[in-house]
Every structure is written in structure tokens, then in C-alpha cells.
Amino acid sequence: MTKSDRRPTDQRIRRPARSTTKESPMHRPQAQMTAARLAGALLALMLLLLPPADAAVRVKEIASLEGVRDNQLIGYGLVVGLNGTGDKRQTFFSAQTLANLLDRMGVQVPPQAMLVRNTAAVLVTANLPPFAQPGTRLDVTVAAVGDATNLQGGLLLLTPLKASSGDVYAVAQGPVLTAGFVARGGAGNTATLNHPTTGRVPGGAIVERAPPSAVPGDRLRLQLRQADFTTASRLAETINRRFTGAARCENAALVEVAIPPDFAGRPIEFMAAIETLTLETDAVQKIVINERTGTITAGRDIRIRPVAILHGALSIEIRTTFDVSQPAPLSAGQTAVTPDVQVGVREEQAKHIQLRPEATVDDLARALTAIGATARDIIAILQNLKAAGALDAAIEVI
């Protein structure tokens with residue numbers, strides 16, 4: 001046997017020979033960078049191989065107690081302190097409002113004698129949360145109703161906020177914060193950012209009286225935020241698993257729960273115990289399309305049936321140019337304008353894509369984007385797939 005034949009029979013126990021060459025300090029950062037990239041690639045691979053996270057959600061995320069809701073408030077007020085950007089003479093009600101305000105303070109000025117451009121009539125809105133107690137602070141939104149051009153730097157005067165019943169539940173006052181501005185230059189040049197005629201008063205309203213709220217009795221009625229028969233059935237099953245025989249479904253959006261004897265007289269504690277329960281929800285597959293912005297929102301698991309897609313583009317351009325025909329000097333001819341019409345037709349070849357069996361909308365969108373398709377093209381293809389019966393999801397255009 002020669003020296004070349006003397007090899008170990010088990011290749012798994014072979015150890016690599018140690019290199020006696022010292023590593024240069026200049027190569028260490030590159031080696032560390034390579035190791036970091038390898039570690040990042042391994043981490044990404046591990047994340048891809050991990051099982052999907054549990055889709056369970058808490059009851060409080062999908063349901064609420066019937067009757068426990070926000071109440072909308074509205075009021076009419078006056079913003080002062082504007083730098084000449086308030087209502088003009090054409091808005092009569094702002095001058096009348098200022099006259100009434102001054103009259104209550106002992107100053108009587110006829111509205112016809114007023115020419116004040118530092119005030120603006122506004123509508124004030126706010127949301128009153130359930131169980132809000134007197135003294136709670138609320139954020140309010142202020143919007144001009146006249147011809148005021150900017151509410152920046154204005155001060156909202158004391159404004160009562162009423163509910164639909166006409167009762168006053170809060171009062172608002174404070175400086176108005178706007179997210180926009182108006183810059184004016186010479187020769188009528190202006191620059192406007194966002195909407196300077198709408199602003200907010202953070203914490204500008206104070207609750208004066210508590211809103212009417214549902215008082216839990218011996219039974220609780222849970223209302224789903226998104227009506228669904230499957231989710232309602234799972235909710236009742238989850239509650240019955242914790243409290244035997246306590247829940248039953250009334251319809252796709254309402255589940256009635258009887259308070260067990262252990263929580264008699266403690267409906268709040270019982271509701272808190274129900275809110276912490278978890279379940280898996282269900283929803284209708286839907287694709288939401290915004291035609292104005294070209295935005296497409298869809299679930300990744302929406303399947304597409306086998307179908308052939310042929311999508312091309314045909315553009316026709318007609319261009320007309322006018323040429324001047326000038327006669328020779330001292331001739332009897334006349335100058336004439338002759339049109340030159342050019343017609344150009346350009347048709348792009350339809351691009352072909354191939355998807356794997358049981359492909360999803362996400363796979364289709366990625367494949368179309370890879371071949372240069374725009375959002376408008378994808379929207380048109382999705383609508384055609386729905387019309388052809390190859391897409392089961394509902395398409396909602398907003």
C-alpha cells in the first residue's frame with residue numbers, strides 16, 4: 001500500500017489542518033463582517049422556518065358591552081386673536097356672535113358697526129367616552145364655518161358642547177393648534193400647507209356631567225364590532241368553556257351572557273374576567289382597492305384558481321404640426337399654412353407569468369410587480385379575475 005492509499009476510512013472524524021499563517025489585522029474586519037452576514041442570514045432562515053404565531057385575540061379586542069359607546073358632541077363658538085385672517089364682511093353671523101358675546105359682558109355694539117377681521121365663527125366637535133366623569137379632559141376639533149383663511153394663533157372662547165338631545169355635557173376653551181400655515185408673497189403668490197382652517201385644542205374641553213351609560217344587570221350582552229356567525233359561535237363556546245352554560249348566541253353580532261352565582265352582584269368583575277379570554281376570529285376574505293391612490297390591500301392567503309391572464313397595452317398617438325408654405329419673392333403665390341398629421345401606434349407585447357399551483361393574491365402581486373406592472377394594471381387584473389370566477393374574495397373599491 002502506497003502513501004496515497006493510506007486514508008482514514010471514516011471521513012466524519014477528519015479534522016481540518018490548522019493553518020500556521022497568522023491572520024493580518026487588516027483581514028479581521030472583513031471576516032467579522034462575513035460572519036455577521038452569515039449570522040443574519042441564518043436568523044432570517046430561522047424566522048421563516050418558525051411556525052406561524054397564534055391568531056388568538058382577546059375578547060375585549062373584538063366585542064364590547066352593548067350600550068357602552070362614545071357620544072358625539074357639537075358646539076358653535078368663536079375664535080379670536082387672528083392676525084387679520086378671520087371672517088370678512090360677507091360672514092354676517094360671526095359679527096352677530098361677537099355682538100351677543102359683548103352684550104353679555106355689558107358692552108353694546110351693533111353688529112352693523114363692526115369690522116373685525118381677527119375673529120372667526122367655528123364649529124367645535126368632540127367625542128365623549130363612556131363613563132366619563134365630571135372634570136375629565138377631552139380633545140376637541142375646531143373648524144371654520146365662514147370665510148376665514150387661517151386659524152393659526154387663535155384662541156377658542158368658552159363654548160358649550162351639546163349632545164343630540166340638546167343637553168350640555170362639556171365646555172371647551174383654549175388655544176387652537178393648526179397643522180398647516182399660509183405664506184403670502186408679492187403679486188398674489190401664496191403657499192398653503194395642509195388645512196389651516198381646521199385645528200385642535202388638546203385637552204381643551206372639560207366634562208360637566210356624566211353621560212348616560214348602560215348599567216349591567218344579571219345578564220350581559222356582548223356586541224361584536226364585526227358581525228360574523230362563526231366568530232359569534234366561537235365567542236359563546238369560549239365563554240361556556242370557562243363558565244359552563246353562561247353564554248348563548250342571539251345573532252351574528254350579539255352574544256348574551258348570564259352572570260354565574262359566583263359573580264352575583266359583581267358584574268364589573270365578571271366582565272373583566274370575560275375580556276381576558278382569548279379565541280380565534282374569522283372574517284370574510286376581502287380585497288380593498290383605492291382607485292384614487294392605486295393602493296391594494298389583501299390577505300396573503302387568498303387563493304386563485306387556475307386561469308390564464310393576458311394583459312397588454314395599446315397606445316395610439318395623433319400629433320398635428322403646422323407648416324408654413326412661403327411663395328417665392330415677386331411671385332403671384334400666397335402664404336399658406338398646411339397641417340401635417342402624424343399617427344403613431346404602439347402596442348406592447350403581452351407579458352406572460354407562471355404561478356405555482358394554489359397561488360395566492362400575494363404571489364400574483366409580486367409576480368406582476370417583477371415584470372414592471374403598475375398598481376393600475378394589478379387592479380384591472382384583479383377585477384377581471386373576480387369577473388371570471390377565479391377569485392373567491394370580495395372586492396371593495398373605495
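Select Arg-241 to start: this residue is exposed, with a relative accessible area of 58%. Exposed here means over 50% relative accessible area, buried under 20%, and partly exposed in between, with a 1.4 Å probe and protein chains only. The model is a predicted one: local features need pLDDT of at least 70, side-chain atom pairs count only at pLDDT 80 or more, and totals for chains, interfaces and linings use all residues. Residues are numbered from 1 along each chain as its sequence is written, and side-chain values use heavy atoms, with hydrogens and water left out.

**Stop 1: helix H4**

The term stands for a side-chain nitrogen of Lys or Arg within 4 Å of a carboxyl oxygen of Asp or Glu. Both residues lie in helix H4, residues 229–242, and sit 4 residues apart, about one turn of the helix. Helices are DSSP runs of H or I with at least four residues, strands are runs of E with at least two, and both are numbered from the N terminus. An α-helix has 3.6 residues a turn, so residues three or four places apart point the same way. Glu-237 counts as partly exposed, at 46% relative accessibility.

The expected span is 1.5 Å times one less than the number of residues.

Colour Thr-231, Ala-232, Leu-235, Ala-236, Thr-238 and Ile-239: these H4 residues are buried. Look down the axis of H4: the buried residues fall within an arc of 160°, so they line one face of the helix. The arc is taken from the directions from the helix axis to the C-beta atoms. On the other side of H4, Phe-229 and Arg-241 are exposed.

**Stop 2: the salt-bridge network**

Select Arg-248. Which residues pair with it? Glu-250 forms a salt bridge with Arg-248, the closest N and O atoms being 3.6 Å apart. Glu-256 forms a salt bridge with Arg-248 as well, at 3.3 Å between the closest N and O atoms.

Check the cover on each. Arg-248 is partly exposed, at 46% relative accessible area. Glu-250 is partly exposed too, at 31%. Glu-256 is buried, at 11%.

The salt-bridge count comes to 11.

**Stop 3: a nonpolar patch**

Switch to a surface view. Ile-74, Tyr-76, Phe-93, Leu-123 and Val-145 make a nonpolar surface patch of about 410 Å². Patches are made of residues with over 30% relative accessible area and no salt bridge; like charges are joined within 9 Å, and nonpolar side chains (Val, Leu, Ile, Met, Phe, Trp, Tyr) within 5 Å. Accessible areas come from the Shrake-Rupley method with a 1.4 Å probe, and for residues only the protein chains shown count as cover.

Pick Ile-74 in strand S3, residues 71–80. Ile-74 is partly exposed, with a relative accessible area of 45%. It touches Val-124, Thr-125, Pro-160, Leu-161 and Lys-162, not counting residues up to four places away in sequence. Contact means heavy atoms within 4.5 Å. Next, draw a distance from Ile-74 to Tyr-169: they are 95 residues apart in sequence and 9.9 Å apart in space, C-alpha to C-alpha.

Move to Leu-123 in strand S4. Leu-123 counts as partly exposed, at 35% relative accessibility.

**Stop 4: either side of S4**

Select Thr-119, in the loop between helix H3 (92–104) and strand S4 (120–128). Buried or exposed? Thr-119 is buried, at 6% relative accessible area. Its contacts beyond four places in sequence are Leu-78, Val-79, Val-80, Leu-82, Gly-86, Asp-87 and Leu-98.

Go on to Phe-131, in the loop between S4 and strand S5 (137–144). Phe-131 has a positive phi of about 60°, although it is not a glycine. Phe-131 counts as partly exposed, at 46% relative accessibility.

**Stop 5: helix H7**

Finish at H7, residues 375–388. Its 14 residues reach 20 Å from first C-alpha to last, close to the 20 Å expected at 1.5 Å a residue. Ile-378, Ile-379, Ile-381, Leu-382 and Leu-385 are buried in H7. Down the axis of H7, its buried residues fall within an arc of 165°, so they line one face of the helix. Just after H7, Gly-389 takes a positive phi of about 80°.
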